[in-house]
Amino acid sequence: MERAYKFRLYPTIQQKELMLKTFGCVRFVYNQTLAVRRDTYDRDKKSLSTNDCVKMLPDLKEQYPWLKEVDSTALQSSVKNMGRAYENFFRGLRTQQGLKSGFPKFKAKHHSKASYTSKMNIFVGDSAVKLPKLGWVKAKISTPVKGHLLSATVSMTRSGKFFVSLCCNDVDIPQYASTGKKVGLDVGIKDLVITSDGVKFGNPKFLVRAEKRLAHLQRELSRKSKGSKNYEKARLRVAKQHEIIANQRLDYLHKLTTYLVRSYDVICVENLNVAGMLKNHHLAKAIADCSWGEMCRQLKYKTAWQHKTLVEVGRFFPSSQICGSCEFQNPETKDLSVREWECPQCHSHNDRDVNATKNILKEGLRLINQPAA
Ligand SMILES: [Zn+2]
């Protein structure tokens, strides 16, 4: 099994400088090779392969000697990333968010993620990670790293914290016992997750509190004049609060998905409606969708780790309109404000959200030809 371990890094000033320099260099070679590839195609109608682009690196290093100061495997990974983005565009592939890949964008300093990936000479110690050109970088190793190390991705957050993500394969993952239980899940308006067993997982109080504080900090930032010292301080506070919330939410989602994969053998979820999500300007709904997307991502790999089953049910399946007991389709429930309804046919009392999850479970089991729960 493949898995990644993410740890906080505590670089020295020199190490930090070299990391920042590497972020700049990987962005530079990405942009340079993308430009050559595009121009060659425009001029000669000739397509360069990604390998051709990787072979440009020695020449680029001669032309720009400062490229030699950083890890060469990081430069290679960056060019390969460019190649993947370029090929995805030509193959008309869709991104993780389900959108059609556009022509790869040139990376601008302020709008691209500060990160790079090293492929070789990586070692993990008790409280440090050894990375090419940097040597041992102090790190908080919170879990023992197992398996065979493939790569290390160094990144910096907007508030200036450094992290390393170590990707390993051949990791032995302890298996949970089979429970024989099946569940349907849905995202609610008020609740983060609703299960077909009737359990609702709301947003935890600490998250609600943290979001209120973020709103307060954002109001303060809007009152400062751009470019001033106080503006920069306020911007940093907002960035930090964003990171706190993102981490808390991620932590909560990890606990939740681990619980779900431990408790159930078959998990049925509704596909994320990306088109609808992007059109949605309602903030609370956007955040809920974002958490749902992350939750499904975690469920996908955790069910794979545990040899359990995740079934995705089509997004146009009218899960909230069908009575979970007798399958009567009630169009009156299309309106989101209808929270509960009585079935006109079998007179069962349906809670909107729980009813939807029961239908998702039923539809999921039908898709994998399993008898209803
Ligand atoms: Zn009914």
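This is a predicted model: local features need pLDDT of at least 70, side-chain atom pairs count only at pLDDT 80 or more; totals for chains, interfaces and linings use all residues.
1. On the α1 side, the residues involved are Thr-22, Cys-25, Val-26, Val-29, Tyr-30, Thr-33, Leu-34 and Arg-37. Their partners in α4 are Ala-74, Leu-75, Ser-78, Val-79, Asn-81, Met-82 and Tyr-86. Sorted by class, this contact has 10 nonpolar, 4 polar and 1 charged residues.

2. Now the geometry of that pair. Helix α1 covers residues 13-44 and helix α4 covers residues 72-91. Their axes come within 9 Å and cross at roughly 40 degrees. Angles under 35 degrees would count as roughly parallel, so α1 and α4 are oblique to each other. As for handedness, α1 passes α4 in a right-handed crossing.

3. On confidence, the protein chain has an average pLDDT of 88, and 92% of the residues score at least 70. Among its elements, strand β5 (residues 135-139) has the highest mean pLDDT, at 98. Helix α7 (residues 274-279) has the lowest, with a mean of 52.

4. For the overall picture, the secondary structure of the protein chain comes to 9 helices and 14 strands. The C-alpha trace spans about 80 × 50 × 50 Å along its principal axes.

5. Last, burial and contact range. The protein chain has 373 residues, and 26% of them count as buried. If you take the contacts between residues at least 6 apart in sequence, 64% join residues at least 24 apart.

Note on methods. Residues are numbered from 1 along each chain as its sequence is written. Axes are lines fitted to C-alpha atoms, for helices over the stretch in contact, and angles run from 0 to 180 degrees between N-to-C directions. Helices (H or I, at least four residues) and strands (E, at least two) are DSSP runs, numbered from the N terminus. Angles under 35 degrees count as roughly parallel, over 145 as roughly antiparallel, 65 to 115 as roughly perpendicular and the rest as oblique. A crossing is left-handed if the near helix is turned anticlockwise from the far one by less than a right angle, and right-handed if clockwise. Two residues are in contact if their C-beta atoms, placed from the backbone, lie within 7 Å. Ala, Val, Leu, Ile, Met, Phe, Trp, Tyr, Cys and Pro count as nonpolar, Asp, Glu, Lys and Arg as charged, and the others, Gly among them, as polar. pLDDT is the predictor's confidence in each residue, from 0 to 100. A residue is buried if 20 or more other C-beta atoms lie within 10 Å of its own, exposed if 12 or fewer, and partly exposed in between; C-beta atoms are placed from the backbone.
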